[in-house]
Amino acid sequence: MAKPVMCIVLTQIVLVALFHLCMSSQTKECTSTSSLSPQFYDNSCPKAQAIVQSFVAKAHSNDPRMAASLLRLHFHDCFVNGCDGSLLLDNSGTIESEKRAVTNVDSARGFEVIDDIKSALEDECPQTVSCADILALVARDTTVITGGPSWEVYLGRRDAREACLIASNNNIPVVSSTFETIVTKFNDQGLGLIDLVALLGGHTIGNSRCKSFRKRLYNHSGNSDRDQTLNQNYASMLQQGCPISGDDQNLFALDYMTPNKFDNYYFKNLMTFKGLLSSDEILYTKSRDSMELVKLYGANEELFFEQYAKSMVKMGNISPLTGRNGEIRRICRRVNH
């Protein structure tokens, strides 16, 4: 029997009320941005944001996949000793690049776009705009250009002089992470469950390789079985392009409904058990609290956009280097000499 309309409306009202109550109790400091400021470059490099936006637009026009790739760089940078541009450093005699981490090797991309942006900014205002700030601006601009929310980006970060491959391997959740592990890794960064669910909503754009979810299709529990939390018709469709062996690099949209549009279909997919990755679907299957947030964002895109923007600001404020700490790199791939 269909649920009465009044019951559905009341359920959504209760969910919205609970959302705001939880948000006020868990994220009171979500807008705390230490010494960062949206106006940081207004005098020293007034064209900085326009330059970044133009390069993001060009990159997206050339390759729509690039938006998600660039957005991902900011996440993977901030989760390793803070938002300090360390992810961008190449291997050298003294640096073990984070690009070699399990979550980055053969998957992190878009570094050439960051190089081009940095080069243009160096021409406009030499050694002024940090690589860390470029990543933060690019994350906002890629979200906007694909249809998502905008927000004021707080600026003034400086760049790290070192990378940490070990922390990159340890701090960033992987596709096989349990719900408890993901929650812990987010909590370690000062991000609560509301932030976690909202930020994973960034998977509304982007792709994943066959090898990242193959186990769900063929050997989920070690008994040659499918993951029962995966819609079986959807699983059969995935198997057509992701065989039991081979074709590891075949790409599949994280949100198969609207793969290049930033919207709330990621959450709607989870509610019908069509999340591509186990680490996404468990938001709906392993926790009552996260399930309710999935339902809320799936029903109300405006609320998702609002919280996503707040959580991006909060994530962007993880342990920034400011003042005399760090440096402003001339080239994002290497420290200054």
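1. Does S279 count as buried or exposed? S279 counts as buried, at 8% relative accessibility; buried means under 20% relative accessible area, exposed over 50%, and partly exposed in between (1.4 Å probe, protein chains only). S279 is found in helix α12, residues 278-285. Leaving aside residues up to four places away in sequence, S279 touches V174, V175, I182 and L200, where contact means heavy atoms within 4.5 Å.

2. Basis of the values. This is a predicted model, in which local features need pLDDT of at least 70 and side-chain atom pairs count only at pLDDT 80 or more, while totals for chains, interfaces and linings use all residues. Residues are numbered from 1 along each chain as its sequence is written, and side-chain values use heavy atoms, with hydrogens and water left out.

3. Overall make-up. The protein chain has 14 helices and 2 strands; helices (H or I, at least four residues) and strands (E, at least two) are DSSP runs, numbered from the N terminus. Of its 337 residues, 52% count as buried. Among contacts between residues at least 6 apart in sequence, 76% join residues at least 24 apart. The accessible surface comes to about 15,300 Å², and 52% of this belongs to carbon and sulfur atoms (Shrake-Rupley method, 1.4 Å probe; for residues, only the protein chains shown count as cover).

4. Helix α2. The 15 residues of helix α2 (residues 48-62) should span 21 Å, and the end C-alpha atoms are 22 Å apart, which agrees; the expected span is 1.5 Å times one less than the number of residues. The buried residues of α2 are A48, I51, V52, V56, A59 and H60. Seen down the axis, they fall within an arc of 165°, so they line one face of the helix; the arc is that of the directions from the helix axis to the C-beta atoms. Cover for these buried residues includes α3 (66-78), α4 (111-124) and α5 (131-145). The face turned away from the buried side carries the exposed residues K58 and S61.

5. Salt bridges. The whole structure holds 15 salt bridges, each being a side-chain nitrogen of Lys or Arg within 4 Å of a carboxyl oxygen of Asp or Glu. One of them joins the side chains of E112 and R333 (4.0 Å, N to O). This pair links distant parts of the chain, with E112 in helix α4 and R333 in the segment after α14 (301-316), 221 residues apart. E112 is exposed at 51% relative accessible area, whereas R333 is partly exposed at 23%.

6. Two further pairs. D141 forms a salt bridge with R140, with the closest N and O atoms 2.6 Å apart. D141 counts as buried at 7% relative accessibility, and R140 counts as buried at 6%. K310 and E306 also form a salt bridge, with the closest N and O atoms 3.3 Å apart. Both lie in helix α14, 4 residues apart, about one turn of the helix.

7. Backbone points to check. D106, in the loop between α3 and α4, has a positive phi near 60° although D106 is a residue other than glycine. D106 is exposed, with a relative accessible area of 60%. S224 is not a glycine either and has a positive phi of about 55°. S224 is found in the loop between α9 (210-218) and α10 and counts as exposed at 65% relative accessibility.
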